[in-house]
Amino acid sequence: MFLHVSLVTVQPIEQRFPYLRGRFGIVVPLDFIGSMSNRWSYGFAFGAITPSLLQLFSDTYVPLHVPVWAKVFVYLLGALEVGVAYMPFFVCLSTPNQAFGGVMGLLYTLAWYTHTHTHTHTRTHVLGDYEKLLIQWPCFLCLSFLMGRFVCMVVKDIRNHFQIQSEEVKEEMLAQSHQFQYIQTLLRRPPEQLMKKSWFRRKVYDWDPYFKFPNRMIGTAVISLIGLYTMTLGDYGLSGYVFSKLVSLSESLEQLAQSCNVHLYLPHHLSSLYTSLFSSTSLTSVTYTFHVLACYRKHIRRLWAGDRTFLPEKFHKPTSAISVAAITRYSGWQIAFTLWGYLIMHFVQFTFAMLFVYLVVLPIQKGGFLSWFSNLAIILLTIFFVVALVVVQIVLVQIFFLQDKLSPEDKQKPLALNNRKAFHSFNYFFFFYNVVMGLSNCILRLVNSCIVGTWLVSRIDRTIMQRGYERLDPGYCTWVGMITADHYHSNPIMVCFCHLLLKQTAARQREPNTYSQFDNIDCPAGSRVCTRWLLFYTLLKNPGLILLRKRRRHTQDLRALAWAMTSQIEGTGSPCQTGLLSPSPLQTICLQ
């Protein structure tokens, strides 16, 4: 595990012109990996992007008529346009100059607020007179929060300008406070009695004070929730309009059928059924959004503890390129999976509801409950016999074909056959029946796979493929690569270790060097002799490093050398006492 700490490189032009120092460089709008500050500010900035981001899903965004093969490049240019248009929000939030960033961010947010308020037009009025407000209020809320945040940045910078700040306050911390607290919990002894948790923490959500979600996860959740809200409103308004037309069409068809003396049964309550289904689907999608966050925390905590058992074996060591690329893909894919999963799940639920209406409700209305129940009883009786025979096989094996328990305290019998001849006969006669029964189980397996796959299409943290075929699920591959990259770059143990290492390195640079006594040595033979003296001094203080050197000749001689140097420091014994002969340390080093 490696953690790369980037340092600022001073360019030659900055050395010639000190005023330009720090003026040139890449502007980073947002740190998607290690930044834990202003998380909710970035989240609301992502919320302000949502209307323009959702517009990329529709064909109305394409301003020109282009060939089909060129639409990919048009969408790429559209995504770049959205990124450039909203980049000042993130740049103003992340700049260290809070006064300048706050003023510019406030002006830019006001401009976007005015533009959104004046240039937002709706084409339909299916949601009533307040359609514009219902659709745009999340965007207005996010922009209002950003304006308040930029005002606070300006006030805070002005207040700090008149106060004397110590160097410790200005020093940038590599590790966060919650990461230090997490390390402290690992070093403490576990409490003898566990703290009693409330019902909410036991059943709904158990928060962790030593864990913080990165900006990427919060921004993804905010965009997903606002996107679900927008799609829910559009779905509700469109479905209401369509069902009103269908009701008028069904009434016309019924009148036409009555004139022809034909009985036509059409469900008039599908609109209310659709509304209830759409409410359940929206609630399920919102629950999935929060559940993905909980799974992210759970998986990251397991990786911190070195537990990879929840991952398939093929994903225990993903490649570095795939892991880093997964960070760039995750947010976009999670948002798309959530929105498309809502539509797919909604369509499948409505299909099952239609089947229920036409297979249960309409037959009861047409022929009565007894006639429908008689047909259902035949199907249920067949299913009952199939399930009963499966249970009978298990019971017969449990009673007659397994040996007795080894101990009365055992919960089940051992996996050892009894009455082998009877078991072989039993297996032979049930073989032909199980072939027939396998057909119904095959259909049941296919239906269960379709239902589970549909319900889990939004869950990018779980694979919808069978075991061994997880690599065919690109969403799950992205999830595994993303959590692996986050584990390697934000592990509290490694971050705190690097923080202490950098702190100790800076402290040692301020202290006198241990090797300063060799700095004034006059080396007529060149720097090679000085290097040898420094090497000799290092190995004399650390004899164990001799065995770790790459330029080895004889392991026995090196062990004797290390023993000799250790005994020389401790003042005990000599190499000759062990029967091992070796040259002096200085001679050996000079020979090497």
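At what angle do the axes of α11 and helix α13 (residues 420–455) cross, and within what distance do they come? In this predicted model, the two axes cross at roughly 140 degrees and come within 9 Å. Because angles over 145 degrees count as roughly antiparallel, α11 and α13 are classed as oblique to each other.

**Packing of α11 and α13**
- The pairing can be summarised in general terms, since two packed helices are described by the angle between their axes and the distance between the axes.
- On the α11 side the contact is made by Ile344, Met345, Val348, Gln349 and Phe352, while α13 contributes Ile451, Thr454 and Trp455.

**Phe337 in α11**
- Phe337 is placed in helix α11, which spans residues 320–367, and it counts as partly exposed because its relative accessibility is 25%.
- Once neighbours within four places in sequence are left aside, Phe337 is in contact with Val457, Ser458, Ile460 and Gly475.

**Nonpolar surface patch and Val387**
- A nonpolar patch on the surface is formed by Ile379, Leu380, Ile383, Val387, Val391, Val395, Ile399 and Phe400, which together have about 710 Å² of accessible area.
- Val387, one of the patch residues, is found in helix α12 (residues 369–400).

Technical notes
Residues are numbered from 1 along each chain as its sequence is written. This is a predicted model: local features need pLDDT of at least 70, side-chain atom pairs count only at pLDDT 80 or more; totals for chains, interfaces and linings use all residues. Side-chain values use heavy atoms; hydrogens and water are left out. Helices (H or I, at least four residues) and strands (E, at least two) are DSSP runs, numbered from the N terminus. Buried means under 20% relative accessible area, exposed over 50%, partly exposed in between (1.4 Å probe, protein chains only). Contact means heavy atoms within 4.5 Å. Patches are made of residues with over 30% relative accessible area and no salt bridge: like charges are joined within 9 Å, nonpolar side chains (Val, Leu, Ile, Met, Phe, Trp, Tyr) within 5 Å. Accessible areas come from the Shrake-Rupley method with a 1.4 Å probe; for residues, only the protein chains shown count as cover. A salt bridge is a side-chain nitrogen of Lys or Arg within 4 Å of a carboxyl oxygen of Asp or Glu. Axes are lines fitted to C-alpha atoms, for helices over the stretch in contact, and angles run from 0 to 180 degrees between N-to-C directions. Angles under 35 degrees count as roughly parallel, over 145 as roughly antiparallel, 65 to 115 as roughly perpendicular and the rest as oblique.
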